[in-house]
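These are my notebook entries on a single structure. I set down what I looked up, entry by entry.

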Amino acid sequence: MNNIRANDLLARLPKVDLHLHLDGSVKPETILDLARRQGIELPVYDKDGLIPHMRVGEECGSLIEYLSKFDFTTRFLQSAEALERVAYEVVEQSAEHNCRYVEVRFAPQLHRNNGLTVEETIRHVVEGVKRGQRDFGVRVGVIAICMRNHSCESNLEVIEAAAKYVGKGIVAVDLAGDEASYPPECFREVFAESGRLGIPVTIHAGEAAGAMNVYEAVTNLGAVRIGHGVRLKESRSILEMVKDRRIPLEMCPISNIQTKAVSGWEAYPIREYLEQGLVVTINTDNPSVSGTNITNEYRVLADRFGFTTPELVKLIMNGVDAAFMEDHDKLSLRREMEEEMSSLGVLN
Ligand SMILES: O=c1[nH]cnc2c1ncn2[C@@H]1O[C@H](CO)[C@@H](O)[C@H]1O
Ligand SMILES: [Zn+2]
């Protein structure tokens with residue numbers, strides 16, 4: 001058996017990333033160039049100097065602190081060109097880490113300061129990822145995000161626009177933002193609409209608030225996947241419900257530690273979740289905010305929790321199973337990935 005801890009093998013393993021925010025995946029060099037083109041002043045004009053403005057440090061104490069980093073980046077993502085470009089580059093970065101499938105998510109309402117409509121933002125992000133898909137050979141889906149701090153009306157606008165792009169790039173809708181201040185109960189009306197329109201739903205829940213939020217997301221908002229779910233462990237009965245319904249968790253280890261969804265690695269419930277039979281997937285959340293990439297996420301898990309090769313392969317394949325993808329596409333993705341894994345000697 002190969003030594004899975006070898007960086008080389010982890011990097012080469014075919015992977016998927018189901019939870020990846022567009023505005024959390026922007027390269028500092030792209031910000032430099034966008035600022036120059038758009039005539040926006042920067043606090044510093046070198047790539048390394050920009051990093052502290054975009055990335056959280058060791059001292060990050062909460063989700064709210066983590067989310068404050070997005071204000072800096074979204075200022076540069078207010079035009080069709082910028083959206084298409086970063087969408088294209090996020091696919092490129094995923095390909096560099098051997099992702100074979102990515103779901104890129106973004107909140108249309110955060111990109112309208114210069115007059116784009118919700119539908120235009122979706123169109124440009126979809127165009128960018130499609131170009132990336134062609135150039136880098138990565139399958140891509142786009143998820144439109146509703147924000148917890150936005151009105152019902154503007155979130156409904158996102159759902160309506162997303163519905164027009166289902167089958168043309170959009171694969172699901174999501175709810176993100178400050179979880180502790182805006183409990184999901186407020187969003188029943190919004191996600192009733194996505195249910196009516198038949199759009200799959202994933203919800204950020206159980207990250208900065210407790211397991212009840214996961215319950216609400218699944219039973220009242222129609223979530224078929226859960227973003228993070230770290231605090232699901234606080235309720236045995238809700239955990240059992242998520243397990244019985246086989247609802248995949250999109251866990252993002254580095255981000256979860258940084259936002260203090262748990263107190264530290266010793267409390268990170270990934271092993272217990274797997275042992276209890278939950279469908280766990282591994283994702284990056286925000287590579288440029290968290291200073292991570294998908295290879296790094298698996299490396300940290302191998303190092304911290306001693307995951308073996310078959311366990312890491314299982315986590316990767318859980319991601320394939322959980323993908324918002326048509327069955328026949330999923331089948332061919334699974335076959336391709338299994339073939340690649342076989343040739344790497346990790347499927348025996
Ligand atoms: O882990 C997270 N939890 C909750 N909200 C998040 C997380 N990461 C990013 N965003 C929020 O989603 C918006 C659209 O991408 C980002 O601007 C950020 O506010
Ligand atoms: Zn997220």
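I counted as donors the N, O and S atoms within 2.8 Å of the metal (3.2 Å for Na, K and Ca); water is not among the atoms, so sites may look incomplete. I worked from a predicted model, in which local features need pLDDT of at least 70 and side-chain atom pairs count only at pLDDT 80 or more, while totals for chains, interfaces and linings use all residues. Residues are numbered from 1 along each chain as its sequence is written, chains are lettered from A and ligands numbered from 1 in the order in which they are written, and side-chain values use heavy atoms, with hydrogens and water left out.

**Entry 1: the zinc site**

I looked up which atoms coordinate the zinc ion (ligand 2): they are NE2 of H19, NE2 of H21, NE2 of H204 and OD of D285, at 2.0 to 2.3 Å. I took helices (H or I, at least four residues) and strands (E, at least two) as DSSP runs, numbered from the N terminus.

I then checked the geometry. Four donors count as tetrahedral if all angles lie between 85 and 135 degrees; four count as square planar and six as octahedral if opposite donors are over 155 degrees apart and all others between 65 and 115; anything else is irregular. The arrangement here is irregular because the four donor atoms subtend angles of 83 to 169°.

For burial I used relative accessible area: buried is under 20%, exposed over 50%, and partly exposed in between (1.4 Å probe, protein chains only). H19 is buried, at 0%, and D285 is buried, at 2%.

**Entry 2: S255 beside D285**

I found S255 in helix α12 (residues 253-258), buried at 0% relative accessible area. Its side chain joins that of D285 in a polar contact of 2.7 Å. A polar contact is a pair of N or O atoms within 3.5 Å; within protein, one must be able to donate a hydrogen and the other to accept it, and residues adjacent in sequence count only if both atoms are side-chain atoms. Leaving out residues up to four places away in sequence, S255 touches Y66, E207, H228, D285 and S290, where contact means heavy atoms within 4.5 Å.

I placed R105 in strand β2 (residues 99-106); R105 counts as buried, at 0% relative accessibility. Beyond four places in sequence, the residues that R105 touches include H19, H21 and H204. The R105 side chain reaches the backbone oxygen of L18 at 3.0 Å and makes a polar contact of 2.7 Å with the side chain of D174.

I placed R148 in the loop between β3 (139-147) and α8 (152-164). The side chain of R148 reaches the backbone oxygen of H204 at 2.3 Å.

**Entry 3: helix α2**

Which residues of helix α2 (residues 28-38) are buried? I listed P28, T30, I31, D33, L34 and A35. Their cover includes α3 (47-54), α5 (69-74) and α6 (80-96). After α2 comes G39, with a positive phi near 65°.

**Entry 4: R245**

I located R245 in the loop between α11 (236-244) and β7 (249-251). R245 counts as partly exposed, at 48% relative accessibility. Residues up to four places away aside, R245 touches V218 and T219.
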